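Q: I'd like to learn how to read a model like this one. Can we go through it feature by feature?

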Amino acid sequence: GLLLLTLGAGACRQGTPTATQAAPRPAAPVAGATSLTPGDPRMLRFHKVDMLVAQWDVAQASANTAQADALAAQIGSEVDAAFQDFVTAASGVMGMRLQYVAVGSLGFSRRREATRVLLDRLTDTDPQLVGNALIALKVRADPDTPLAPLLKLATANAVAPRRYAPLAVAKVVEAKRRTGRTVDGATQKTASHVLSGLIADRDPFVRLHVANALGAIRGPGCHELLTIMIRDEEIRIRLAAAAGLERIGDPRGFPEVIRLLPDVPEDVQPTVRDLLASYAQRIQGGQPLAAAEVQRMGVSAHAWNRWFSEYAAARGLRLEEGPVSYT
């Protein structure tokens, strides 16, 4: 979700995962600030966009993808129809409340310049606004977004930048990969090093987003860090780490995911089963398991362990930790 201040009262609700943020303190007046009257057409547009973003946030949290996509398109059209107004408001000259609305809303713009406007806000002294800009960059998922300023904020003392920088990194890396671009080895190494310092962060949302980022980066050390995170005390983070291991596709991580089956609640076990089926397809070079075989193994950790043992033996894989044990 977005950290937007509504034009009404309070902050809009977070999407999944929920992460309530305290409203920022009022900023000092900006020199040359422009005050908009309630009837100003620009104020009416800001208010409309803010309400649309709140609706989008709810749709996202409810996994209503079709509605969220339709709202995102509508928000983007509204923002781009008055793009310069949103750029101006993002600079702070229209006041703090509209600055928050503008920064968050620019994440939906189709204009390439919006990325640069948001990057400029990453140096702001208000950590909540920086967090808002990072979320907007995550929503944009612009493959041209440089990773260096995002990784720098991952080590911030303030929670909001530290929380949302890894999420923005994950989405930007995914966007690069979708457009056929690669993340160079040096950047992968830097990202892995920076994120390694956050795998035990006290904030669970930081850890959750770090797991997502490691799975997206897939560089040296990412597999090893995710095998640590898959033992996190939070189930959601363990699942995110398992998904990251599946995306990396190293067969060594398969037993780690099997271990989740007996440890997660029954209603979550089918999710792990589906993840194992996808993982199996990946390590088999894209060859999927037969639906009947997946159904037969179901949520049985022993059955999946037998399958993997046979797979490993057939390919001469040496498993350092030996067979998976279940207690």
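This is a predicted model: local features need pLDDT of at least 70, side-chain atom pairs count only at pLDDT 80 or more; totals for chains, interfaces and linings use all residues.

Q: What is the mean pLDDT of the protein chain?
A: pLDDT is the predictor's confidence in each residue, from 0 to 100. The chain's mean is 88, and 87% of its residues reach 70 or more. Residues 5-33 stay under 50, and the model has 66 contacts for them beyond four places in sequence. Residues 321-327 are also below 50, with 11 contacts beyond near neighbours in sequence.

Q: How far apart are the end C-alpha atoms of helix 16?
A: The expected span is 1.5 Å times one less than the number of residues. Helix 16 (residues 301-314) has 14 residues and should span 20 Å, and its end C-alpha atoms are 20 Å apart, which agrees.

Q: Which residues of helix 16 are buried, and what covers them?
A: Buried means under 20% relative accessible area, exposed over 50%, and partly exposed in between (1.4 Å probe, protein chains only). In helix 16 the buried set is Ala301, Ala303, Trp304, Asn305, Trp307, Phe308, Tyr311 and Ala312. Their cover includes helix 13 (254-258), helix 14 (269-283) and helix 15 (291-297).

Q: At what angle do helix 14 and helix 16 pack?
A: Axes are lines fitted to C-alpha atoms, for helices over the stretch in contact, and angles run from 0 to 180 degrees between N-to-C directions. Under 35 degrees counts as roughly parallel, over 145 as roughly antiparallel, 65 to 115 as roughly perpendicular and the rest as oblique. Helix 14 and helix 16 pack at about 5°, axes 12 Å apart, so they are roughly parallel to each other. Contact means heavy atoms within 4.5 Å; here Arg273, Leu276, Ala277, Ala280 and Ile283 of helix 14 meet Trp304, Trp307, Phe308 and Tyr311 of helix 16.

Q: And how do helix 10 and helix 12 cross?
A: The axes of helix 10 (residues 204-217) and helix 12 (residues 235-248) come within 7 Å and cross at roughly 10°, so this pair is roughly parallel too. Among the residues that meet are Ala211 and Gly215 in helix 10, and Ala240 and Gly244 in helix 12.

Q: Is Arg121 buried or exposed?
A: With a relative accessible area of 17%, Arg121 is buried. It lies in the loop between helix 5 and helix 6. Leaving out residues up to four places away in sequence, Arg121 touches Ala90, Ser91, Gln99, Val103, Leu129, Val130 and Ala133.

Q: What about Val173: buried or exposed?
A: Val173, in helix 8 (residues 159-178), counts as buried at 1% relative accessibility. Beyond four places in sequence, Val173 touches Leu147, Val183, Ala216 and Ile217.

Notes
Residues are numbered from 1 along each chain as its sequence is written. Side-chain values use heavy atoms; hydrogens and water are left out. Helices (H or I, at least four residues) and strands (E, at least two) are DSSP runs, numbered from the N terminus.
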